[in-house]
Amino acid sequence: MRYLPLTPTDRGAMLSRIGVNTIDDLFIDVPEAARLDGPINLPPHQSEMQVERDLFAMAAQNKTASTVPFFCGAGAYKHHVPASVDHIIQRSEFLTSYTPYQPEITQGTLQYLFEFQTQVCELTGMPVANASMYDGSTATGEAVLMAHRITRKKRAVISARLHPHYRGVIDNLSDMGGFDVASPADSVNGVEDLIALIDEDTSSVVVQYPDFFGNIMDYSTIAREVQSRGCLLIVVVPEIISLGLLKRPGDMGADIVTGEGQSLGNGLNFGGPYVGLFAAKEKYLRQMPGRLCGETVDADGKRGFVLTLSTREQHIRRDKATSNICTNSGLCSLAFTAHMTLLGGQGLRHLAALNHARAVHLADKLEGIAGVEVVTPAFFNEFAIRLPAPAEQIVEALAEKSVLGGVPVSRLMPDSDMDDVLLVAATEANTEADLEIYETALRDVLKGVSA
Amino acid sequence: MSKKFTKDHEWISLEGDLARIGITDYAQEQLGDVVFVELPEAGRQVEQGNDAAVVESVKAASEVYAPVSGEIVEPNVKLEDEPALVNQDPAEGGWFFTMKVSNPDELNDLMDEAAYADYVKELG
Amino acid sequence: MNEMTPMKQDRKQTFTGHQALILEEKLIFEIGSADKSGVDLEPVPEVNTRLGDCMAPAKPDLPGLSEPEALRHFVRLSQKNHSIDAGLYPLGSCTMKHNPRLNEKMARLPGFSDIHPLQPVSTVQGALELMDELAHWLKTLTNMPAVALSPKAGAHGELCGMMAIRAAIEARGELETRRRVLVPESAHGTNPATAALLGFKVDEIPANADGRVDLAAFKDKLGDDVAAIMLTNPNTCGLFERDIIEIADALHEAGGYFYCDGANFNAIVGRVRPGDLGIDAMHINLHKTFSTPHGGGGPGSGPTVLSDRLEAFAPLPYVVAGENGFDLIELEAQSANQPFGRMVAFHGQMGMFVRALSYMKSHGSDGLRQVAEDAVLNANYVLASLQDVMTAPFAGPCMHEALFDDGFLKGTGVETLDFAKAMIDEGYHPMTMYFPLVVHGAMLIEPTETESRDTLDLFIATLRDLVRSANAGETERFTNAPELAPRSRLDETRAARQPILRWQAAEETAQAAE
């Protein structure tokens, strides 16, 4: 077997040295009732070629984003990742190394984590950022728990325009941890009154930027209102590329910024692995979950990097830890760092502008279709449209025409009275031809509907 | 009054009706280099044996427990900028906080210097 | 100075600071610039922007690099890392086995990597089929009826298992009474952290002299206020909990649930099924047992298998197989069960699912059984070859990892930490140190099954030489170590006392200081 170096001769000699006769003698502590005599009922080993055959067959059944006009967003975005990024993350020393607990022989990992943290700080406008979390949704859940710890309160006010999956994560953590959540009733347009929901037991207010329907809002006023009432403002950024063009949450006064870094360096991957971003004000540093990489010097006075402030973490604080998190997103944060480095600030701004231009062109075209209304007044690369028929139905019809036309709101928010609303994203990966195909396909589909 | 000691390596020294609390030399040695101290705010009520402060070193974080019940008067804010004081001068300058003692009888539960020295010796 | 002591190397100083193939590398902020880029983008067409009033006044203040510069930067960084591909990584409880490259090739098939989690289910049937097949393998290997695939890492899977248990207790109306969770002293810190996160009170169970849970003490602690036990098996000392079935039975009788930390599954995969031991929930680390790469700290994946007592509570989303193909249950209204909620956006670590399934199919049922056997064999070989010169607190046999304490270093002036740092100069990543906490100065060695006998022989010989050295009073070999790594010992105290967590231009730092 190609992954096992030991030969039968090796095994025999090793058993001798250990002083037992068979391998079974080493499993002697297993209760007899649980001992298995032979292999479990699953297929036997396969060659690379055989495995490839099986997996090719599964992969071939899926419609991929690069092969058809593609407009899905809702928290995961199709962007072009430069070829060198994938090459960098496949370097043996990055791919097959462990968490940098022995800093002398993991300066490679530690240095890029320091670069990552700096990039996240600069993008979000916040002074400290950690070395990444699993993804944007769990980072947001952790942010809420952190706000509860800091304020010693138990209730969070959540915008109704937060991604429903992110909301689900917060609801779950709150339910399990004995905390409360509250949200305003909402519709797609109009301004939510989040401030009215704040009470003496509220720790934080959570908003998304741009929000789930793509809408962009300046949260500076909300930040002041929230903070004057002793609460923290948590701003969630699911499309990190938007910060190439938009005012930074840190400059609006956010206390904590969480986000999804998938758009930089990481492909769609059917939902994972992604990379959670987490940044906060300096005064909250010690309440931050996750790993932190810090600068120091070695015994020879040379600059180096180490994981630091680990005593907040579970392996030391145990039941008093700030969270139970053990991993960060390692390789995904490296991909982010590498892509961001290749772009530079100027490149990111350019990329963001390109995204916005595509989305505006698409909105222009779709608005021109009878029965279609663009309901998001200000957006980055994703907006919501109202259709004259259920969006799920339209999306299925578009798929049959080989257009992946977006994400129906009802897929994530079933009881919201928004069955006719579709989220549409356009990025630099879309060509002008794609936009025309979409327009034509949607016109065709809608003709069939109103008939 | 001479210092009294707890099993968790806190010392308490009474100055009138004000008590000063710190951790012992043994404790700071076990912890290693102290990097951060989390102090209670003035006015907080504490009960004997409950968490009052947290002391963090590079490899460990430990609770500092209130040796007696009462109200926190003053945290030693110097420790915020110079946590190393806890290592350098645990018995004096590295004090953590002062407090009003609500029940002086609780002091009788604690060890005196000699008893504490024996206790530490046994820990090996 | 003893003649046998090697002379401390006085390294040649160079103009560049480089040392032949070992290259110094600055931060991107020190070498990049605002006007460099390694990406070509089309010009931006003129549009009437619709950004509201939120356009940023300036571009992000981050430097770029051309492609050759960027590649060189990251390649130079990579050269400063130890990796499994380069050498042994004997970290106990981490299972640093070889990461097969077939996994990487399969994960990069566009059919898996270039699909969106929310595109219509009819367009991703192959992805759902893969998830379903992975679920089948995990359930069959563990003899459990259900598995939650969405947890993003081991600790997250642990949270999933405990949340399912909490949901089950709540469904029985006993949440107010059952608040206590039993955890062995030897447990990894995530266990009590997870329990505390869910509002449980942690009660520690002592170990017996044998390194295993003290059965009598455990039974004593049972009561109708016990929610669960969190046990690792094999445990963190590398030993199989012999009494595990009795523990499960007693616990179930008292109305509690059995959570098993599956970090050490590599020792028993294919030879023992956790479901047969009475476990109710167990997370599996795909990045340990099933070879997905550690990636310098992540991403992981922690699917959690669930017993029939818990399967109704499995979180959203999950895949179901029907006559018309596969479907994804994402909303409570769609579920026939009582899912406790959602743990993460989207569906889980698909990239790791592909890698793990590729590995499972490669090994097959027979191969996976061999994996556990070779892992256990290798660890026992190391234990047997070192126990005359190093102190093992528990008599063998061990499972997939060998535990030593610092007894053998007493009086030498060398601590566990120094011993580990000396290993670095010899070309090894140190073993796990100071864990588990139940022995003093612990050293936990897990070779895994992908190490050859030759590699183990050299490793054993090296440790024996280090012990000889310590006993001979050659303390400098240890206290100065590592001397040959890209950096010598780093000042962790300083990093924690004066945290510098991001790069700042010199003027910014000066301003901040004012």
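Colleague: Which residues of chain C does UniProt give to "domain: Glycine dehydrogenase C-terminal"?

Modeller: The feature comes from an unreviewed UniProt entry. Its positions use the numbering here, its name is shortened, and such annotations may be inferred rather than shown by experiment. The record places it in chain C at residues 373–474.

Colleague: How far apart are the end C-alpha atoms of that span, residues 373–474 of chain C?

Modeller: A word on the source: this is a predicted model, where local features need pLDDT of at least 70, side-chain atom pairs count only at pLDDT 80 or more, and totals for chains, interfaces and linings use all residues. Residues are numbered from 1 along each chain as its sequence is written, chains are lettered from A in the order in which they are written, and side-chain values use heavy atoms, leaving out hydrogens and water. The span is 42% helix and 8% strand (DSSP runs: H or I of at least four residues, E of at least two). Its end C-alpha atoms are separated by 38 Å.

Colleague: How much area do chain C and chain A bury between them?

Modeller: Contact here means heavy atoms within 4.5 Å, and 209 residues of chain C touch 200 residues of chain A. Buried area is the accessible area (1.4 Å probe) that two parts lose on being put together, summed over both. Of the total, 63% is on carbon and sulfur atoms, and the total is about 17,300 Å².

Colleague: Which residue of chain C forms a salt bridge with E52(A)?

Modeller: The rule asks for a side-chain nitrogen of Lys or Arg within 4 Å of a carboxyl oxygen of Asp or Glu. It finds 16 salt bridges across the interface of chain C and chain A. At 2.8 Å, N to O, the partner of E52(A) is K105(C).
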